[in-house]
Amino acid sequence: MKNILLAVVGLSPQVITETIFALHQQRRSVDAIQIITTRQGKEKINAHLLSPIDGKYYQYLTEYEIDPASIDFGFGNIHVIKDSNGIEIDDIDGEDENEWLLRKCLELTFTLTNDPNTAVFFSVAGGRKTMSTCLMLAAQLYGRAQDRVYHVLVSPEFESNRNFYYPPRKSVPIKLRDKNGQPYVKETRYATITLVPIPFISIREQLSDTLLKEPKDPATLMLSLVKEEPYQLIVDLANSKLTYKNLELDMMPARLALYAFFALQKKNCKKELTSCRECTECFLDMQEIFAQQDEITELYRKIAGNREFCEMSQSGILGLSQENFNSYKAKIRKDLERGFGLYAHGELAIDSVGTRPDTRYGIRIDKDRIRITF
(Lines give C-alpha, C1' and ligand atoms only; values in the text may rest on other atoms or scores of the structure.)
Protein backbone atom coordinates (compact mmCIF):
# COMPACT_ATOMS: atom_id res chain seq x y z
CA MET A 1 0.00 0.00 0.00
CA LYS A 2 1.40 3.39 -1.03
CA ASN A 3 0.89 6.15 1.55
CA ILE A 4 0.25 9.63 0.16
CA LEU A 5 0.29 12.76 2.31
CA LEU A 6 -2.17 15.33 0.95
CA ALA A 7 -1.85 18.64 2.79
CA VAL A 8 -3.10 22.20 2.57
CA VAL A 9 -0.45 24.83 3.23
CA GLY A 10 -0.58 28.60 3.68
CA LEU A 11 2.43 30.77 4.44
CA SER A 12 3.98 28.38 6.98
CA PRO A 13 5.70 25.55 5.10
CA GLN A 14 6.90 24.17 8.45
CA VAL A 15 3.64 22.24 8.69
CA ILE A 16 4.98 19.79 6.07
CA THR A 17 8.18 18.82 7.88
CA GLU A 18 6.31 18.78 11.20
CA THR A 19 3.68 16.43 9.77
CA ILE A 20 6.25 14.10 8.19
CA PHE A 21 8.17 14.03 11.45
CA ALA A 22 5.00 13.18 13.40
CA LEU A 23 4.03 10.41 10.94
CA HIS A 24 7.51 8.91 11.08
CA GLN A 25 7.42 8.99 14.87
CA GLN A 26 4.23 6.90 14.59
CA ARG A 27 6.11 4.52 12.25
CA ARG A 28 3.93 5.50 9.33
CA SER A 29 5.85 5.68 6.07
CA VAL A 30 5.18 8.37 3.49
CA ASP A 31 5.72 7.47 -0.17
CA ALA A 32 4.50 10.69 -1.76
CA ILE A 33 3.57 14.24 -0.74
CA GLN A 34 1.01 16.35 -2.57
CA ILE A 35 0.41 19.98 -1.54
CA ILE A 36 -2.49 22.37 -2.18
CA THR A 37 -1.52 26.00 -1.68
CA THR A 38 -1.59 29.55 -3.07
CA ARG A 39 1.04 31.26 -5.22
CA GLN A 40 2.64 32.80 -2.14
CA GLY A 41 2.54 29.45 -0.38
CA LYS A 42 4.29 27.82 -3.33
CA GLU A 43 7.09 30.38 -3.18
CA LYS A 44 7.54 29.75 0.55
CA ILE A 45 7.71 25.98 0.01
CA ASN A 46 10.16 26.27 -2.85
CA ALA A 47 12.42 28.66 -0.92
CA HIS A 48 12.33 27.09 2.54
CA LEU A 49 11.69 23.38 1.95
CA LEU A 50 12.82 22.41 -1.53
CA SER A 51 15.89 24.59 -1.97
CA PRO A 52 18.72 22.19 -2.94
CA ILE A 53 21.15 24.23 -0.82
CA ASP A 54 19.43 24.75 2.52
CA GLY A 55 15.93 23.35 2.08
CA LYS A 56 14.60 22.18 5.45
CA TYR A 57 12.88 19.19 3.86
CA TYR A 58 16.18 17.79 2.62
CA GLN A 59 17.90 18.67 5.90
CA TYR A 60 15.28 16.64 7.75
CA LEU A 61 15.73 13.62 5.46
CA THR A 62 19.52 13.75 5.81
CA GLU A 63 19.42 14.15 9.57
CA TYR A 64 17.02 11.22 10.03
CA GLU A 65 18.77 9.10 7.39
CA ILE A 66 15.81 8.85 5.01
CA ASP A 67 16.55 8.26 1.34
CA PRO A 68 15.09 11.24 -0.64
CA ALA A 69 14.32 8.85 -3.49
CA SER A 70 11.91 6.97 -1.20
CA ILE A 71 9.48 9.92 -1.15
CA ASP A 72 7.94 11.43 -4.29
CA PHE A 73 8.04 15.15 -3.51
CA GLY A 74 9.22 18.02 -5.68
CA PHE A 75 8.09 21.15 -7.49
CA GLY A 76 5.60 19.12 -9.55
CA ASN A 77 3.78 17.99 -6.40
CA ILE A 78 2.74 21.51 -5.45
CA HIS A 79 -0.76 22.25 -6.73
CA VAL A 80 -1.50 25.97 -6.77
CA ILE A 81 -5.12 27.13 -6.67
CA LYS A 82 -6.02 28.99 -9.86
CA ASP A 83 -8.85 31.31 -10.83
CA SER A 84 -11.28 30.75 -13.73
CA ASN A 85 -8.64 32.17 -16.15
CA GLY A 86 -5.96 29.78 -14.97
CA ILE A 87 -4.04 32.41 -13.00
CA GLU A 88 -2.52 31.37 -9.67
CA ILE A 89 -4.17 33.19 -6.77
CA ASP A 90 -2.34 34.82 -3.84
CA ASP A 91 -4.84 34.22 -1.04
CA ILE A 92 -8.23 32.76 -0.09
CA ASP A 93 -10.03 36.00 0.76
CA GLY A 94 -13.43 35.74 -0.96
CA GLU A 95 -16.19 33.41 -2.10
CA ASP A 96 -14.70 32.91 -5.56
CA GLU A 97 -11.30 32.00 -4.15
CA ASN A 98 -12.94 29.59 -1.74
CA GLU A 99 -14.83 27.93 -4.62
CA TRP A 100 -11.60 27.48 -6.60
CA LEU A 101 -9.94 26.05 -3.51
CA LEU A 102 -12.77 23.57 -2.94
CA ARG A 103 -12.65 22.50 -6.57
CA LYS A 104 -8.91 21.83 -6.29
CA CYS A 105 -9.38 19.81 -3.09
CA LEU A 106 -12.14 17.73 -4.69
CA GLU A 107 -10.23 17.12 -7.93
CA LEU A 108 -7.03 16.02 -6.20
CA THR A 109 -8.81 13.92 -3.60
CA PHE A 110 -10.92 12.26 -6.30
CA THR A 111 -7.79 11.38 -8.30
CA LEU A 112 -5.69 10.13 -5.38
CA THR A 113 -8.47 8.00 -3.90
CA ASN A 114 -9.23 6.31 -7.22
CA ASP A 115 -6.27 3.97 -6.82
CA PRO A 116 -7.21 1.10 -4.44
CA ASN A 117 -3.51 0.51 -3.70
CA THR A 118 -3.05 3.86 -1.99
CA ALA A 119 -3.90 5.26 1.41
CA VAL A 120 -4.30 9.03 1.61
CA PHE A 121 -3.28 10.90 4.76
CA PHE A 122 -5.19 14.18 4.74
CA SER A 123 -3.33 16.86 6.73
CA VAL A 124 -5.64 19.70 7.80
CA ALA A 125 -3.05 21.47 9.98
CA GLY A 126 -1.91 24.16 7.54
CA GLY A 127 -3.30 27.24 5.84
CA ARG A 128 -6.40 29.26 6.56
CA LYS A 129 -9.29 27.60 8.35
CA THR A 130 -11.24 27.50 5.10
CA MET A 131 -8.44 25.43 3.53
CA SER A 132 -8.68 22.86 6.32
CA THR A 133 -12.46 22.84 6.02
CA CYS A 134 -12.42 22.26 2.26
CA LEU A 135 -9.91 19.41 2.50
CA MET A 136 -11.92 17.84 5.32
CA LEU A 137 -15.06 18.05 3.16
CA ALA A 138 -13.23 16.38 0.27
CA ALA A 139 -12.19 13.55 2.61
CA GLN A 140 -15.78 13.12 3.78
CA LEU A 141 -17.01 12.87 0.19
CA TYR A 142 -14.34 10.61 -1.32
CA GLY A 143 -12.38 9.11 1.59
CA ARG A 144 -12.08 5.33 1.97
CA ALA A 145 -11.57 2.95 4.88
CA GLN A 146 -7.77 3.02 4.52
CA ASP A 147 -7.55 6.84 4.42
CA ARG A 148 -6.92 9.04 7.45
CA VAL A 149 -7.39 12.68 8.45
CA TYR A 150 -4.72 14.19 10.71
CA HIS A 151 -4.11 17.40 12.57
CA VAL A 152 -0.69 18.24 13.97
CA LEU A 153 -0.24 20.01 17.30
CA VAL A 154 3.07 21.76 18.03
CA SER A 155 4.16 23.23 21.37
CA PRO A 156 2.76 26.78 21.29
CA GLU A 157 6.09 28.53 21.84
CA PHE A 158 7.64 26.69 18.86
CA GLU A 159 4.56 26.68 16.62
CA SER A 160 4.79 30.32 15.67
CA ASN A 161 8.56 30.37 15.30
CA ARG A 162 9.77 30.82 11.73
CA ASN A 163 13.03 28.96 12.40
CA PHE A 164 11.48 25.80 13.80
CA TYR A 165 10.70 23.07 11.22
CA TYR A 166 11.10 19.84 13.23
CA PRO A 167 12.87 18.68 16.41
CA PRO A 168 16.47 18.01 15.35
CA ARG A 169 18.16 14.86 16.64
CA LYS A 170 20.67 16.94 18.53
CA SER A 171 18.94 19.63 20.53
CA VAL A 172 19.91 23.20 19.71
CA PRO A 173 19.00 26.49 21.35
CA ILE A 174 16.46 28.56 19.46
CA LYS A 175 15.36 32.12 20.05
CA LEU A 176 11.67 32.42 20.98
CA ARG A 177 9.43 35.21 22.24
CA ASP A 178 7.19 35.20 25.27
CA LYS A 179 3.58 36.49 25.45
CA ASN A 180 4.85 40.04 25.83
CA GLY A 181 7.11 39.76 22.80
CA GLN A 182 10.27 39.54 24.88
CA PRO A 183 12.99 37.27 23.41
CA TYR A 184 14.31 34.23 25.25
CA VAL A 185 16.19 31.07 24.31
CA LYS A 186 14.96 27.49 24.69
CA GLU A 187 16.37 24.14 23.70
CA THR A 188 14.49 22.31 20.91
CA ARG A 189 14.37 19.13 23.00
CA TYR A 190 11.41 20.72 24.77
CA ALA A 191 9.40 20.94 21.55
CA THR A 192 6.60 18.40 21.17
CA ILE A 193 4.77 17.50 17.98
CA THR A 194 1.61 15.44 18.30
CA LEU A 195 -0.19 13.69 15.48
CA VAL A 196 -3.94 13.84 16.14
CA PRO A 197 -6.19 11.52 14.10
CA ILE A 198 -9.52 13.19 13.27
CA PRO A 199 -12.53 10.83 12.92
CA PHE A 200 -14.53 11.36 9.77
CA ILE A 201 -17.53 9.78 8.07
CA SER A 202 -17.29 9.29 4.33
CA ILE A 203 -20.29 9.02 2.00
CA ARG A 204 -18.25 7.44 -0.80
CA GLU A 205 -19.77 3.98 -0.37
CA GLN A 206 -23.25 5.48 -0.72
CA LEU A 207 -22.48 7.10 -4.09
CA SER A 208 -23.47 5.46 -7.37
CA ASP A 209 -20.81 4.40 -9.89
CA THR A 210 -21.99 7.23 -12.17
CA LEU A 211 -21.06 9.83 -9.56
CA LEU A 212 -17.59 8.33 -9.18
CA LYS A 213 -16.57 8.71 -12.82
CA GLU A 214 -15.44 12.30 -12.36
CA PRO A 215 -15.29 14.90 -9.58
CA LYS A 216 -18.68 16.36 -8.67
CA ASP A 217 -19.62 19.36 -6.56
CA PRO A 218 -20.65 18.66 -2.94
CA ALA A 219 -24.31 19.60 -3.52
CA THR A 220 -24.69 17.02 -6.27
CA LEU A 221 -23.09 14.32 -4.15
CA MET A 222 -25.12 15.13 -1.04
CA LEU A 223 -28.46 15.47 -2.86
CA SER A 224 -27.93 12.08 -4.46
CA LEU A 225 -28.30 10.61 -0.96
CA VAL A 226 -31.59 12.31 -0.21
CA LYS A 227 -34.47 9.92 -0.66
CA GLU A 228 -37.66 11.91 -0.79
CA GLU A 229 -40.92 10.42 0.36
CA PRO A 230 -43.45 10.41 -2.49
CA TYR A 231 -45.64 13.52 -2.36
CA GLN A 232 -49.42 13.38 -2.40
CA LEU A 233 -51.56 15.27 -4.88
CA ILE A 234 -54.48 16.87 -3.07
CA VAL A 235 -57.42 17.99 -5.22
CA ASP A 236 -59.26 20.44 -2.98
CA LEU A 237 -62.62 21.21 -4.60
CA ALA A 238 -63.91 23.27 -1.67
CA ASN A 239 -61.03 25.74 -1.96
CA SER A 240 -60.45 25.44 -5.74
CA LYS A 241 -56.80 24.45 -5.46
CA LEU A 242 -54.28 21.67 -5.91
CA THR A 243 -51.53 20.88 -3.39
CA TYR A 244 -48.34 19.04 -4.36
CA LYS A 245 -44.88 19.00 -2.76
CA ASN A 246 -46.05 21.50 -0.15
CA LEU A 247 -46.96 23.95 -2.92
CA GLU A 248 -50.48 25.19 -3.59
CA LEU A 249 -51.97 26.08 -6.96
CA ASP A 250 -55.23 28.00 -7.35
CA MET A 251 -57.12 26.88 -10.45
CA MET A 252 -60.11 28.22 -12.37
CA PRO A 253 -63.30 26.24 -11.53
CA ALA A 254 -63.79 24.83 -15.05
CA ARG A 255 -60.18 23.61 -15.31
CA LEU A 256 -60.26 22.19 -11.80
CA ALA A 257 -63.51 20.35 -12.56
CA LEU A 258 -61.99 18.65 -15.60
CA TYR A 259 -58.77 17.85 -13.73
CA ALA A 260 -60.72 16.45 -10.75
CA PHE A 261 -62.67 14.26 -13.19
CA PHE A 262 -59.41 12.60 -14.37
CA ALA A 263 -58.11 12.37 -10.80
CA LEU A 264 -61.29 10.48 -9.86
CA GLN A 265 -60.87 8.11 -12.84
CA LYS A 266 -57.40 7.22 -11.52
CA LYS A 267 -58.47 7.13 -7.87
CA ASN A 268 -61.41 4.79 -8.58
CA CYS A 269 -59.50 2.45 -10.92
CA LYS A 270 -59.96 -1.18 -9.84
CA LYS A 271 -56.63 -2.40 -11.16
CA GLU A 272 -54.13 -3.06 -8.36
CA LEU A 273 -50.49 -2.30 -9.17
CA THR A 274 -47.49 -1.16 -7.16
CA SER A 275 -47.07 1.71 -9.65
CA CYS A 276 -49.49 3.36 -12.09
CA ARG A 277 -46.81 5.09 -14.19
CA GLU A 278 -46.88 2.57 -17.06
CA CYS A 279 -50.59 1.65 -16.74
CA THR A 280 -53.33 3.35 -18.80
CA GLU A 281 -56.24 1.27 -17.54
CA CYS A 282 -58.11 4.39 -16.36
CA PHE A 283 -57.48 6.42 -19.54
CA LEU A 284 -60.61 7.39 -21.51
CA ASP A 285 -61.21 8.24 -25.17
CA MET A 286 -63.27 11.29 -26.13
CA GLN A 287 -66.53 9.39 -26.51
CA GLU A 288 -66.15 7.98 -22.98
CA ILE A 289 -65.42 11.48 -21.68
CA PHE A 290 -68.47 12.92 -23.45
CA ALA A 291 -70.58 10.10 -21.99
CA GLN A 292 -69.65 11.30 -18.49
CA GLN A 293 -70.44 14.96 -19.10
CA ASP A 294 -72.94 14.91 -16.21
CA GLU A 295 -70.21 13.92 -13.77
CA ILE A 296 -67.98 16.75 -15.00
CA THR A 297 -70.92 19.17 -14.74
CA GLU A 298 -71.62 18.05 -11.17
CA LEU A 299 -67.97 18.59 -10.21
CA TYR A 300 -68.12 22.05 -11.70
CA ARG A 301 -71.32 22.81 -9.82
CA LYS A 302 -69.67 21.89 -6.51
CA ILE A 303 -66.69 24.14 -7.27
CA ALA A 304 -68.62 27.10 -8.73
CA GLY A 305 -70.91 27.27 -5.70
CA ASN A 306 -73.95 29.53 -5.79
CA ARG A 307 -73.61 30.76 -9.33
CA GLU A 308 -76.82 30.03 -11.24
CA PHE A 309 -76.29 27.48 -13.98
CA CYS A 310 -78.56 29.41 -16.31
CA GLU A 311 -75.94 32.18 -16.29
CA MET A 312 -73.23 29.80 -17.48
CA SER A 313 -72.27 29.11 -21.04
CA GLN A 314 -73.38 25.76 -22.40
CA SER A 315 -70.45 25.62 -24.79
CA GLY A 316 -67.65 25.47 -22.18
CA ILE A 317 -67.16 22.98 -19.40
CA LEU A 318 -70.91 22.27 -19.43
CA GLY A 319 -70.80 21.08 -23.02
CA LEU A 320 -67.38 19.68 -23.83
CA SER A 321 -66.27 19.32 -27.43
CA GLN A 322 -62.95 18.04 -28.77
CA GLU A 323 -61.87 21.62 -29.40
CA ASN A 324 -62.58 23.08 -25.98
CA PHE A 325 -61.32 19.89 -24.30
CA ASN A 326 -57.95 20.43 -26.00
CA SER A 327 -58.02 24.06 -24.91
CA TYR A 328 -58.73 23.14 -21.26
CA LYS A 329 -56.07 20.42 -21.36
CA ALA A 330 -53.42 22.89 -22.59
CA LYS A 331 -54.38 25.51 -19.98
CA ILE A 332 -54.28 22.93 -17.19
CA ARG A 333 -50.79 21.94 -18.31
CA LYS A 334 -49.67 25.57 -18.09
CA ASP A 335 -51.26 25.89 -14.65
CA LEU A 336 -49.34 22.83 -13.42
CA GLU A 337 -46.11 24.16 -14.88
CA ARG A 338 -46.66 27.51 -13.22
CA GLY A 339 -47.49 25.99 -9.87
CA PHE A 340 -45.23 22.95 -9.60
CA GLY A 341 -42.52 23.32 -12.25
CA LEU A 342 -41.57 21.44 -15.38
CA TYR A 343 -40.61 18.21 -13.66
CA ALA A 344 -44.16 17.71 -12.35
CA HIS A 345 -45.53 17.24 -15.87
CA GLY A 346 -44.62 13.59 -16.04
CA GLU A 347 -47.02 12.46 -13.37
CA LEU A 348 -49.52 15.32 -13.03
CA ALA A 349 -50.42 16.52 -16.53
CA ILE A 350 -53.34 15.08 -18.51
CA ASP A 351 -51.43 12.72 -20.77
CA SER A 352 -52.53 10.97 -23.96
CA VAL A 353 -51.82 7.57 -25.52
CA GLY A 354 -52.69 6.15 -28.92
CA THR A 355 -53.44 7.95 -32.17
CA ARG A 356 -56.61 9.52 -33.54
CA PRO A 357 -59.38 8.58 -33.46
CA ASP A 358 -58.39 6.17 -30.67
CA THR A 359 -56.51 8.65 -28.46
CA ARG A 360 -57.17 8.12 -24.73
CA TYR A 361 -56.53 10.57 -21.89
CA GLY A 362 -55.61 10.29 -18.23
CA ILE A 363 -53.03 11.16 -15.54
CA ARG A 364 -50.13 8.93 -14.45
CA ILE A 365 -49.57 9.65 -10.77
CA ASP A 366 -50.09 6.59 -8.55
CA LYS A 367 -53.69 6.41 -7.35
CA ASP A 368 -52.59 5.86 -3.73
CA ARG A 369 -51.02 9.32 -3.82
CA ILE A 370 -54.20 11.12 -4.80
CA ARG A 371 -56.52 12.62 -2.22
CA ILE A 372 -59.72 14.42 -3.21
CA THR A 373 -61.55 16.65 -0.77
CA PHE A 374 -65.05 18.07 -1.37
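## Close-up views of a predicted model

**View 1. Helix H8 and its burial.** Helix H8 is mostly covered, since 13 of its 15 residues are buried (buried means under 20% relative accessible area, exposed over 50% and partly exposed in between, with a 1.4 Å probe and protein chains only). Helices (H or I, at least four residues) and strands (E, at least two) are DSSP runs, numbered from the N terminus. The structure is a predicted model, in which local features need pLDDT of at least 70 and side-chain atom pairs count only at pLDDT 80 or more, while totals for chains, interfaces and linings use all residues. Residues are numbered from 1 along each chain as its sequence is written, and side-chain values use heavy atoms, with hydrogens and water left out. The 15 residues of H8 (residues 253-267) should span 21 Å at 1.5 Å a residue, and the end C-alpha atoms are 20 Å apart, which agrees; the expected span is 1.5 Å times one less than the number of residues.

**View 2. Helix H8 against helix H11.** The axes of H8 and H11 (residues 322-340) come within 10 Å and cross at roughly 90°, where axes are lines fitted to C-alpha atoms, for helices over the stretch in contact, and angles run from 0 to 180 degrees between N-to-C directions. The two helices, H8 and H11, are therefore roughly perpendicular to each other (65 to 115 degrees; under 35 counts as roughly parallel, over 145 as roughly antiparallel and the rest as oblique).

View 3. Strands S10 (residues 241-244) and S11 (residues 247-250) run antiparallel and are joined by four bridges; two strands pair if DSSP finds at least two bridges between them. Threonine 243 stands opposite glutamate 248 in S11. Two residues lie between the strands of this hairpin, and lysine 245 in the turn has a positive phi of about 50°.

**View 4. A cluster of aromatic rings.** Ring pairs link Phe21, Tyr60, Tyr64 and Tyr166 into a cluster. Rings of Phe, Tyr and Trp (its six-membered ring) pair if their centres lie within 6.5 Å, and planes under 30 degrees apart count as stacked, over 60 as edge-to-face and the rest as tilted. By this rule the count comes to 15 aromatic pairs. The rings of phenylalanine 21 and tyrosine 64 have centres 5.9 Å apart and planes at 70°, so this pair is edge-to-face. Both phenylalanine 21 and tyrosine 64 are buried.
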